[in-house]
Amino acid sequence: MSGGGAARLSLSHDVYEPSAVREAAEAYSDHLNVEIRNSSSDETEITIRHLGGEILAEQVLGEFLNHVLDLSVRRKLRPG
């Protein structure tokens, strides 16, 4: 976690699909500002801030990442 209540993360595409990151960002938009800073062929870099300037709690960050992971797994296991 970086300063100012924000977290800057690099999410590997081996685990976290870029479309899942975007979908989770939309799902959490009432609570978090998720800025997709850069996306390469290997990873997506994001910065996450709690709306209202509150400190980004580890629990909220963990819930967001679990949601991204769940969406990613569902996409990978989807037939077709």
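**A guided tour from loop to core**

At 35% relative accessibility, S40 counts as partly exposed, a class that lies between buried (under 20% relative accessible area) and exposed (over 50%), computed with a 1.4 Å probe on protein chains only. The model is predicted, so local features need pLDDT of at least 70 and side-chain atom pairs count only at pLDDT 80 or more, whereas totals for chains, interfaces and linings use all residues. Residues are numbered from 1 along each chain as its sequence is written, and side-chain values use heavy atoms, with hydrogens and water left out.

**Stop 1: the loop at S40**

Select S40 in the loop between β2 and β3. Helices (H or I, at least four residues) and strands (E, at least two) are DSSP runs, numbered from the N terminus.

**Stop 2: helix α1**

Select residues 18-27, which form helix α1, and highlight its buried residues, A20, V21, A24 and A25. Why do they sit on the same side of α1? They cover an arc of only 135° around the axis, which puts them on that same side; the arc is that of the directions from the helix axis to the C-beta atoms. An α-helix has 3.6 residues a turn, so residues three or four places apart point the same way.

Now display β1 (6-12), β2 (32-39), β3 (43-50) and α2 (58-77), against which the buried residues of α1 pack.

**Stop 3: the pair α1 and α2**

Keep both helices in view. Their axes are 9 Å apart and the packing angle is about 135°, where axes are lines fitted to C-alpha atoms, for helices over the stretch in contact, and angles run from 0 to 180 degrees between N-to-C directions. α1 and α2 are therefore oblique to each other; angles under 35 degrees count as roughly parallel, over 145 as roughly antiparallel, 65 to 115 as roughly perpendicular and the rest as oblique.

To see where the helices meet, select S19, A20, V21, E23, A24, A25 and A27 in α1 together with F64, H67, V68, L71, S72 and R75 in α2. Contact here means heavy atoms within 4.5 Å.

**Stop 4: the nonpolar core**

Which residues have the most contacts inside the largest nonpolar core? Select L32, V34, I46, I48, F64 and V68; the core has 18 residues. Such a core is a set of buried Ala, Val, Leu, Ile, Met, Phe, Trp, Tyr and Cys residues joined through side-chain atoms within 4.5 Å. The elements that give two or more residues to this core are β1, α1, β2, β3 and α2, and the largest share, 5 residues, comes from α2.

Centre the view on I46. Beyond its neighbours within four places in sequence, I46 is in contact with residues including A7, L9, L11, V21, V34 and F64.

**Stop 5: L11 in β1**

Move to L11 in strand β1. L11 is buried, with a relative accessible area of 4%. Not counting residues up to four places away in sequence, L11 touches Y16, V21, D42, E43, T44, I46 and L65.

**Stop 6**

Select V73 in helix α2. V73 is partly exposed, with a relative accessible area of 37%. D14 and V73 are 59 residues apart in sequence and 11 Å apart in space, C-alpha to C-alpha.

End at P79, in the segment after α2. Is P79 buried or exposed? At 75% relative accessibility, P79 counts as exposed.
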